Amino acid sequence: MKRIAVYCGSATPADPVYIESARHVGRSLAQRGIGIVYGGGRLGLMGAVADSALEAGGEVIGVIPQALVNAEVAHRGLTELQVVQTMHERKALFTDLADGFVNLPGGTGTMDELWEALSWAQLGYHADPIGLLNVAGYYDKLVDFWVHMGQVGFLRPQHQGLLLVDSDLDGLLDKMMNFEPTIPIIRMAREEL
């Protein structure tokens with residue numbers, strides 16, 4: 001993988017395990033020569049991922065809507081900062097620029113990005129691996145819900161393997177490197193995404 005889109009929160013939770021894991025992800029990806037595409041913010045886990053990757057000599061591309069630039073939350077020290085108009089453009093550009101997705105803990109924006117990446121993979125709009133880094137059990141209930149969706153019948157068996165989960169970054173990256181898509185890719189025009 002050349003670049004990974006890293007989705008995570010712009011908040012800084014009280015428990016330092018979350019910020020430390022974000023720093024570890026940024027540093028580790030940079031040391032592996034994997035570029036990062038992320039939300040372009042300077043705060044919280046987002047800022048920690050970016051700063052750690054940059055300190056380790058990595059490439060960091062931020063993609064941020066103009067409204068958030070206006071709110072002065074943009075990181076100004078990135079390798080590249082791409083400013084878009086909408087959140088939809090932002091997520092489409094993540095998919096264009098990255099070869100995979102890693103979700104760290106976050107809130108509703110992070111969940112939106114995760115579910116859209118999964119939905120697009122399920123529909124065949126991309127065939128990139130989607131990883132969930134389950135820091136300190138943060139995503140345990142979400143993983144249970146993913147299994148539940150399959151048990152009830154809202155998630156087809158061929159889609160259950162789209163979500164790769166690990167509590168260890170190296171283990172997650174190994175799963176992502178070995179990911180073999182089973183869903184045919186549908187070539188769609190950008191305006192259809």
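Q: Helices (H or I, at least four residues) and strands (E, at least two) are DSSP runs, numbered from the N terminus; where is A136 found?
A: This is a predicted model, with residues numbered from 1 along each chain as its sequence is written, in which local features need pLDDT of at least 70, side-chain atom pairs count only at pLDDT 80 or more, and totals for chains, interfaces and linings use all residues. Side-chain values use heavy atoms, while hydrogens and water are left out. A136 is found in the loop between β6 and α6 (140-152).

Q: Does A136 count as buried or exposed?
A: Phi of A136 is near 50°, a positive value in a residue other than glycine. Buried means under 20% relative accessible area, exposed over 50%, and partly exposed in between (1.4 Å probe, protein chains only). A136 has 58% relative accessibility, so A136 counts as exposed.

Q: What value is the phi of E72 near?
A: E72 is in the loop between α3 (66-70) and β4. E72 is exposed, with a relative accessible area of 60%. The phi of E72 is positive, though E72 is not glycine, and lies near 65°.

Q: Which residue is the bridge partner of N103 in β6?
A: Strands β5 (residues 101-103) and β6 (residues 130-133) run parallel, joined by three bridges. In β6, N103 has as its bridge partner L132.

Q: How does α1 pass α2: in a right-handed or left-handed crossing?
A: α1 and helix α2 (residues 44-55) pack at an angle of about 35°, with axes 7 Å apart. Residues of α1, including Y18, A22 and G26, meet residues of α2, including L45, A48 and S52 (contact means heavy atoms within 4.5 Å). A crossing is left-handed if the near helix is turned anticlockwise from the far one by less than a right angle, and right-handed if clockwise. The crossing of α1 past α2 is right-handed.

Q: How many salt bridges does the structure hold?
A: Side chains of opposite charge can pair when their charged atoms come close. A salt bridge is a side-chain nitrogen of Lys or Arg within 4 Å of a carboxyl oxygen of Asp or Glu. The number of salt bridges in the structure is six.

Q: How far apart are the closest N and O atoms of R23 and E20?
A: Both residues lie in helix α1 (residues 16-31), three residues apart, about one turn of the helix. R23 is partly exposed at 33% relative accessibility, and E20 is partly exposed at 42%. They form a salt bridge, with closest N and O atoms apart by 2.6 Å.

Q: How many residues apart in sequence are the parts that K91 and D112 tie together?
A: The side chains of K91 and D112 meet in a salt bridge of 2.7 Å, N to O. K91 lies in helix α4 (residues 87-97) and D112 in helix α5 (residues 108-123), so the pair ties together parts whose separation in sequence is 21 residues.

Q: Is K91 buried or exposed?
A: K91 belongs to a network of salt bridges with D112 and E116. D112 is partly exposed, at 36% relative accessible area. K91 has a relative accessible area of 5%, so K91 is buried.

Q: Which side chain of opposite charge is nearest to E113?
A: E113 is in helix α5 and is buried, yet has no salt bridge. Lys and Arg count as positive and Asp and Glu as negative; His and the chain ends are not counted. At 4.3 Å, the nearest side chain of opposite charge is R90.

Methods
Pairing = 2+ DSSP bridges. Axes fitted to C-alpha atoms, helices over the stretch in contact; angles between N-to-C directions.
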